[in-house]
Amino acid sequence: MGLEQPGLNPEEQAREQKEAVKSEKEIAWKKNLTHVEQITDKLGKGIDENIKEPVAAFLVHGFTTFGSCEGHIAEEGEEQWGFSYPWIEVYAPEPEGWKEAEGEEKEQLDNEWKAENLEQQSKMLDFLEEFYSGRETPFDARLIFESIGAFGGFRVQSFGAEITEILPPEERSEKLKLYQKEMKDFGEFLKSKYFSQ
């Protein structure tokens, strides 16, 4: 509970406290965006421009992101690299000492690692449920998550994402734009939720 400031009525004190919290949140948001700007993969490439804000929105809510992509479609004659849809992976980091552990200790660390990822799945499920409450969007564009790895990690992507591989180029391009918009809107929802809490 904050200390009362002399000369300010309760309404003014509440407003000042709210502004202080907002300022702290803005600092945390900018810090996460700066962190996202500095992330690189094994080839030294940074995070795709159109997925940076959604990744920062995941981070600011405590999700441990592991990888992401805005989605890419190869030009005619080029080889396809990556996926033709946006995605963000969430995977808790390997527990300290996990590689060296054996027997019961290994089993305990396995269970803790999986529990941490499942907690993130539960939290993501709540966010997606709220995001889609009353939202009209094509069914295939709706965001879901697919399990990855052995310890409960997951990838957030559109429901129809993997089907895009068999679509004609023009339709694949349309789906990419639709799915990118859905991921961007979800990122904006998470950001807005963060600042309104």
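How many bridges join strand 1 to strand 2, and in which sense do the two strands run? Strand 1 and strand 2 are joined by 4 bridges and run antiparallel. Strands count as paired if DSSP finds at least two bridges between them. The model is predicted, so local features need pLDDT of at least 70 and side-chain atom pairs count only at pLDDT 80 or more, whereas totals for chains, interfaces and linings use all residues. Residues are numbered from 1 along each chain as its sequence is written, and side-chain values use heavy atoms, with hydrogens and water left out.

The chain holds 4 helices and 4 strands. Their order from the N terminus is α-α-β-β-α-β-β-α. Helices (H or I, at least four residues) and strands (E, at least two) are DSSP runs, numbered from the N terminus. Of the 197 residues in the chain, 37% are buried. Buried means under 20% relative accessible area, exposed over 50%, and partly exposed in between (1.4 Å probe, protein chains only). The chain exposes about 12700 Å². Carbon and sulfur atoms supply 51% of that area. Accessible areas come from the Shrake-Rupley method with a 1.4 Å probe. Among contacts between residues at least 6 apart in sequence, 57% join residues at least 24 apart. Contact means heavy atoms within 4.5 Å.

The 4 strands form an open sheet in the order 1-2-4-3, with antiparallel pairing. Strand 1 (65–69) and strand 3 (143–148) are the edge strands, and each pairs on one side only. From one strand to the next, the twist averages 20 degrees. In general, strands of a sheet pair through backbone hydrogen bonds, either parallel or antiparallel.

Strand 2 (residues 87–90) is joined to strand 4 (residues 153–158) by 4 bridges, and the two run antiparallel. Glu89 of strand 2 has Gly67 opposite. Glu89 also stands opposite Arg155 in strand 4. Ile88 faces Val156 in strand 4 across the pairing. Trp87 and Glu89 point one way from strand 2, while Ile88 and Val90 point the other way. All four of these residues are buried.

Strand 3 and strand 4 pair in the antiparallel sense over 6 bridges. Ser147 stands opposite Phe154 in strand 4. The two strands form a hairpin with 4 residues between them. In the turn, Gly149 has a positive phi of about 70 degrees.

Helix 2 (residues 52–60) is mostly covered, with 8 of its 9 residues buried. Among the buried residues are Lys52, Pro54, Phe58 and Leu59. Gly62 follows helix 2 and has a positive phi, near 90 degrees.

Helix 3 lies across strand 2, strand 3 and strand 4. Helix 3 runs at about 165 degrees to strand 3. Helix 3 (residues 103–132) also packs with helix 4 (residues 169–196), at an angle of about 105 degrees and with axes 11 Å apart. Axes are lines fitted to C-alpha atoms, for helices over the stretch in contact, and angles run from 0 to 180 degrees between N-to-C directions. Helix 3 and helix 4 are therefore roughly perpendicular to each other. Angles under 35 degrees count as roughly parallel, over 145 as roughly antiparallel, 65 to 115 as roughly perpendicular and the rest as oblique. By class, the contact of helix 3 with helix 4 has 8 nonpolar, no polar and 4 charged residues. Ala, Val, Leu, Ile, Met, Phe, Trp, Tyr, Cys and Pro count as nonpolar, Asp, Glu, Lys and Arg as charged, and the others, Gly among them, as polar.
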